[in-house]
Amino acid sequence: MKCSRRDLLTTALKATMAAALPVAAFRFLSPAEVRAAVADPALRWGFLVDTEKCVGCGFCVKACKLENEVPYDAPVSRTWVERYSVTKDGQTHIDSPMAGRDGFTDPKVRGETIDPAEITKAFFVPKLCNQCENPACVQVCPVGATYQTKDGVVLVDRDWCIGCGYCIMACPYGVRFFHPVYKVAEKCNFCYHRISKGLKSACVEACPFGARQIGNLKDPDDPVTRIIMSQRVAVLKDEYGTKPQVFYIGLDRNVR
Amino acid sequence: MRNHVWRPLYLVLGGIALLLVIRYFLVPKDFGVHGINFTYGFHRAGNIPEWQAMPVKYRGRESCNECHPENVAASASSKHAPIQCENCHGPAVNHPDNPAKLAIDTSRELCLRCHAALSTPGSQRSRIKGIAPASHNPGIPCRDCHNPHKPDLEDMR
């Protein structure tokens, strides 16, 4: 193989230009641009549940099912209410008939009669998707059908979900279920269609007692954010490291 | 190299090329990292407006007040003031166009959601007046005696 000085220089020049092309594809961003690309600093949805105020009427579950077109009589729900009855013998009796859709009208807990004199405390705990900062359900999706929006809500792409059910297994809170009609994974999304129009989530609107509230955690003047910042609140299953964004007032240690 | 080495290699390369072509047509153009990072934000961008376009069904008390101010006012001055109209009257959706008439839930079960007596010490439920559904006029709709917009016992029908 022969190589003149002229050939060498031309080839070297071409190679340098070709190598410079991919470098030119990179753009240097200012810190502000990076912050904007990473997340919208102005909006992050969060939820506040005041278990002290909940009376177990179940209007939230009814409103959620009708608003989000979840089959009404199917034993699945995006949100539900649990009743905890702690008796003197230290046992905790938990039930949630039909996810609490029709409220709690029966003193019996799953068919078991509990003597009212034996109950030391009994209360209701509404549950919904925690819209975690580190959502385990999103991490396990093999096809990119579930994701976290920039305002912190975890959504499911119904066109893209293959219904494998990994996310349903991965959620530590048992929030996800298989939608009986669309045959895909389904979950609470804080009524994303409502909150993006400036309305409140259907369950928040339906609650007569103010036990459920939704707000913007990035706004320090938001009434919900102020309560979360200034009062004693707890989250469910903190030890999982998912950083849930649904905060509870008056959470009992029996609540799982 | 010999032919028997090249031939399967061509087959594999062809397979990869075919896969890339199919992928190009099947994967939507707006698929990519749109969220915070690759782990949590890898998705189809067009799905967000799809969710946002979902119709709103519960329109809220203000919407009811536009046509039924007398009923909203009556309820607002009663002990039932915190209860939204649509909790009992059903979601308005596109009322009055569709549905023209809302199906009101007048069942005993609706009232019992709050007014069935339960032993729930430590919960606000114990502060609400409750009845034993089995012995308190069973089978008779509550609203035959009680006015849901004026629930005070002095205002019994």
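Two strands are taken to pair if DSSP finds at least two bridges between them. Helices (H or I, at least four residues) and strands (E, at least two) are DSSP runs, numbered from the N terminus. With these terms, A:Val49 stands opposite A:Arg212 in β9(A).

The structure is a predicted model, in which local features need pLDDT of at least 70 and side-chain atom pairs count only at pLDDT 80 or more, while totals for chains, interfaces and linings use all residues. Residues are numbered from 1 along each chain as its sequence is written, and chains are lettered from A and ligands numbered from 1 in the order in which they are written.

Chain A contains eight helices and 10 strands. Its C-alpha atoms occupy a box of roughly 100 × 40 × 35 Å along the principal axes. The radius of gyration of chain A is 25 Å, whereas a compact globule of 256 residues would have one near 18 Å; the quantity is taken over C-alpha atoms, and the globule rule is 2.2 Å times the number of residues to the power 0.38.

Of the 256 residues of chain A, 41% are buried. A residue is buried if 20 or more other C-beta atoms lie within 10 Å of its own, exposed if 12 or fewer, and partly exposed in between, with C-beta atoms placed from the backbone. Contacts, for their part, require that the C-beta atoms of two residues, placed from the backbone, lie within 7 Å. Among the contacts in chain A with a separation of 6 or more, 63% join residues 24 or more positions apart.

**The sheet β9-β1-β10 of chain A**

An open sheet of three strands has the order β9-β1-β10 in chain A, and its pairing is mixed. Strands β9 (212-216) and β10 (246-249) of chain A stand at the edges with a single partner strand each, so one side of each has no neighbour in the sheet. Neighbouring strands of this sheet are turned by 25° against each other on average, direction ignored.

Strand β1 (residues 45-50) of chain A pairs with β9(A) in the antiparallel sense over five bridges. In this pairing, A:Leu48 stands opposite A:Gln213. Four of the five residues of β9(A) are buried, so this strand is largely enclosed by the rest of the structure. Helix α8 (residues 223-230) of chain A lies across β1, β9 and β10 of chain A and runs at about 100° to β9(A). Axes are lines fitted to C-alpha atoms, for helices over the stretch in contact, and angles run from 0 to 180 degrees between N-to-C directions.

**A:Phe123 and the contact between the chains**

A:Phe123 is found in strand β4 (residues 119-127) of chain A and counts as buried, with 25 C-beta neighbours inside 10 Å. A:Phe123 and A:Cys54 are 69 residues apart in sequence, yet 7.8 Å apart in space, C-alpha to C-alpha. Apart from neighbours within four places in sequence, A:Phe123 is in contact with A:Thr51, A:Tyr84 and A:Asp252, and also with B:Thr120, B:Gly122 and B:Ser123.

The contact between the chains takes 46 residues from chain A and 38 residues from chain B. On the side of chain B, the elements that give two or more residues are α2 (38-41), β2 (42-44), α3 (47-52) and α7 (108-115). By class, this side has 19 nonpolar, 14 polar and five charged residues. Here Ala, Val, Leu, Ile, Met, Phe, Trp, Tyr, Cys and Pro count as nonpolar, Asp, Glu, Lys and Arg as charged, and the others, Gly among them, as polar.
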